[in-house]
Amino acid sequence: MSTTRLLLVEDDPEDVAIFRRHLPESSQLTVVTTLAAGLTAVAGGGFNVAFVDYRLGADSGLELVRATRATGNPLAIVVTTGQDIDLLGENALLAGATDFLPKADICTSAIARAGDRPFGHTFEQFMIVWQR
């Protein structure tokens with residue numbers, strides 16, 4: 001079984017602890033706490049998927065999504081949030097996120113599934129599935 005390399009960009013230590021508790025066994029986690037550190041880590045490569053908090057202090061995790069997509073990087077990026085999921089889901093997908101995940105739904109299976117969705121689905125495709 002190969003190791004899945006995960007990047008977590010999260011500034012709340014409690015949320016990092018929750019994420020660590022739900023890591024799949026075959027995962028290796030790197031945690032950074034700022035947008036700047038997240039951008040550096042993504043640019044360095046080597047990750048299968050990145051989980052990015054929507055709110056990183058005064059910054060937005062969507063900035064990381066937009067910057068990553070602007071370089072053509074196809075990394076799977078999941079935006080996490082404790083906020084209104086409907087509005088955030090739309091914003092995250094429009095910015096280029098692969099998916100979004102409410103923090104209340106973080107569990108081992110959700111983390112494991114994150115790498116299964118390749119980047120490239122459209123907002124329209126998401127809305128068709130979401131409305132079913």
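Which residues are linked in a network of salt bridges?

Author: The model is predicted, so local features need pLDDT of at least 70, side-chain atom pairs count only at pLDDT 80 or more, and totals for chains, interfaces and linings use all residues. Residues are numbered from 1 along each chain as its sequence is written, and side-chain values use heavy atoms, with hydrogens and water left out.

The network links Glu-10, Asp-15, Asp-53 and Lys-103. A salt bridge here is a side-chain nitrogen of Lys or Arg within 4 Å of a carboxyl oxygen of Asp or Glu. Side chains of opposite charge can pair when their charged atoms come close. The whole structure holds three salt bridges.

Take Glu-10 and Lys-103. Their closest N and O atoms are 3.0 Å apart. Glu-10 sits in the loop between β1 and α1, and Lys-103 in the loop between β7 (99-102) and α5, so this pair ties together parts 93 residues apart in sequence. Helices (H or I, at least four residues) and strands (E, at least two) are DSSP runs, numbered from the N terminus. Glu-10 is buried, at 2% relative accessible area. Lys-103 also counts as buried, at 18%. Buried means under 20% relative accessible area, exposed over 50%, and partly exposed in between (1.4 Å probe, protein chains only).

Next comes Asp-15. Lys-103 and Asp-15 meet in a salt bridge of 2.8 Å, N to O. Asp-15 belongs to helix α1, while Lys-103 is in the β7-α5 loop, so the pair joins parts 88 residues apart in sequence. Asp-15 is buried, as is Lys-103.

Asp-53 is another partner of Lys-103. The closest N and O atoms of this salt bridge are 3.1 Å apart. Asp-53 lies in strand β3 and Lys-103 in the loop between β7 and α5, so parts 50 residues apart in sequence are tied together. Both residues are buried.

Now follow Asp-15 into its helix. In α1 (residues 13-21), Asp-15, Val-16 and Phe-19 are buried. Seen down the axis, the buried residues of α1 fall within an arc of 105°, so they line one face of the helix. The arc is that of the directions from the helix axis to the C-beta atoms. An α-helix has 3.6 residues a turn, so residues three or four places apart point the same way. The face turned away from the buried side carries the exposed residues Pro-13, Glu-14 and Arg-21. Cover for the buried residues of α1 includes β1 (4-9), β2 (27-32), β3 (49-53) and α5 (108-114). Asp-12 caps the N-terminal end of α1, with a side-chain oxygen 2.8 Å from the backbone nitrogen of Glu-14.

One of the covering strands, β2, contains Ser-27. Ser-27 is buried, at 18% relative accessible area. Leaving out residues up to four places away in sequence, Ser-27 touches Thr-3, Thr-4 and Leu-6. Contact means heavy atoms within 4.5 Å.

What about the nonpolar interior? A nonpolar core is a set of buried Ala, Val, Leu, Ile, Met, Phe, Trp, Tyr and Cys residues joined through side-chain atoms within 4.5 Å. The largest one has 23 residues, and Leu-7, Val-9, Val-52, Leu-64 and Val-79 have the most contacts inside it. The elements giving two or more residues to this core are β1, α2 (35-44), β3, α3 (61-70), β6 (76-81) and α4 (85-95). Its largest share, four residues, comes from α4. Apart from this core lies another, of 14 residues, including Leu-8, Phe-19, Phe-51 and Val-78.

Helix α3 shows a one-sided pattern too. Gly-61, Leu-62, Leu-64, Val-65, Thr-68 and Arg-69 are buried in α3. They cover an arc of only 155° around the axis, which puts them on the same side of α3. At the start of α3, a side-chain oxygen of Ser-60 comes within 3.1 Å of the backbone nitrogen of Leu-62. Just after α3, Gly-72 has a positive phi of about 85°.

Last, the whole chain. The protein chain has six helices and seven strands. Along the sequence they follow the pattern β-α-β-α-β-β-β-α-β-α-β-α-α. Of its 132 residues, 43% count as buried.

Note on methods:
Polar contact = N/O pair within 3.5 Å; in protein donor to acceptor, adjacent residues only side chain to side chain.
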